[in-house]
Amino acid sequence: MIVLLLRILLIALILFLVYTGFKYLFNPKRKLELANEQKQFYLLDDKENVRKNFLLTYKGVLFEGEKYLGTTTNAFEVVSIFIWAKSTSKLQGLTLEDFSHIEDQVKKQYPYAKIDWKSPIKELLIKKREH
């Protein structure tokens, strides 16, 4: 009787470990952290939930974007996005082309959105575009 109970507990433990392993491997937050470490682009976004901010990483810098819903000619869409860096100290080395690339990637997800950057990126883009 005890041997049967131990076998059932062992099978339950193995199933639990397999379940948590798959859950960990396919977690989008883990993919974001991995892309951040490898300095790759990755966009983590719940497109169905407008209230939830998105996270993206590019060249080892983590950005957060806030979406705002508005009206277009035919429907309600995300019409405004504010993006800022989570850590401004990691912005060193990024160029205007890098920010343009980020804007292009976000525009693929939200074609009707006007993208605004918060400080200090906003000031850099204004200076670059004036020259």
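Modeller: In this predicted model, Leu55 has Glu64 in strand β3 as its bridge partner. That contact belongs to the pairing of strand β2, residues 54-58, with strand β3, residues 61-71, which run in the antiparallel sense and are joined over five bridges. The two strands form a hairpin, with two residues between them.

The turn of this hairpin contains Lys59, a residue in the loop between β2 and β3. The phi of Lys59 is positive, at about 50°, although Lys59 is not a glycine. Its relative accessibility is 39%, so Lys59 counts as partly exposed, given that this class lies between the limits of 20% and 50%.

Glu64 also leads on to the next strand: its bridge partner in β4 is Trp84. Strand β4 comprises residues 76-85 and pairs with β3 in the antiparallel sense over nine bridges. Here, too, the strands form a hairpin, and four residues lie between β3 and β4.

Lys39 belongs to the loop between α2 (28-37) and β1 (42-44). With a relative accessibility of 56%, Lys39 counts as exposed, the limit for that class being over 50%.

Helix α3 covers residues 96-109, and its 14 residues should span 20 Å at 1.5 Å a residue; the end C-alpha atoms are 21 Å apart, which agrees. Its buried residues are Asp98, Phe99, Ile102, Glu103, Gln105 and Val106. Seen down the axis of α3, these buried residues fall within an arc of 160°, so they line one face of the helix. Glu97 and Lys108, on the other side of α3, are exposed.

One further backbone feature deserves mention. The peptide bond that joins Ser119 and Pro120 is cis, with an omega of about 0°. Pro120 is located in the loop between β5, residues 114-117, and α4, residues 121-130.

To return to the part requested, β3 pairs with β2 over five bridges and with β4 over nine bridges, in the antiparallel sense in the pairing with β2 and likewise in the pairing with β4.

Notes:
Residues numbered from 1 in each chain as written. Predicted model: local features only at pLDDT ≥ 70, side-chain atom pairs only at ≥ 80, totals over all residues. Heavy atoms only, no water. Expected span 1.5 Å × (residues − 1). Buried < 20%, exposed > 50% of the residue type's maximum accessible area, 1.4 Å probe, protein only. Arc of directions from axis to C-beta. Pairing = 2+ DSSP bridges.
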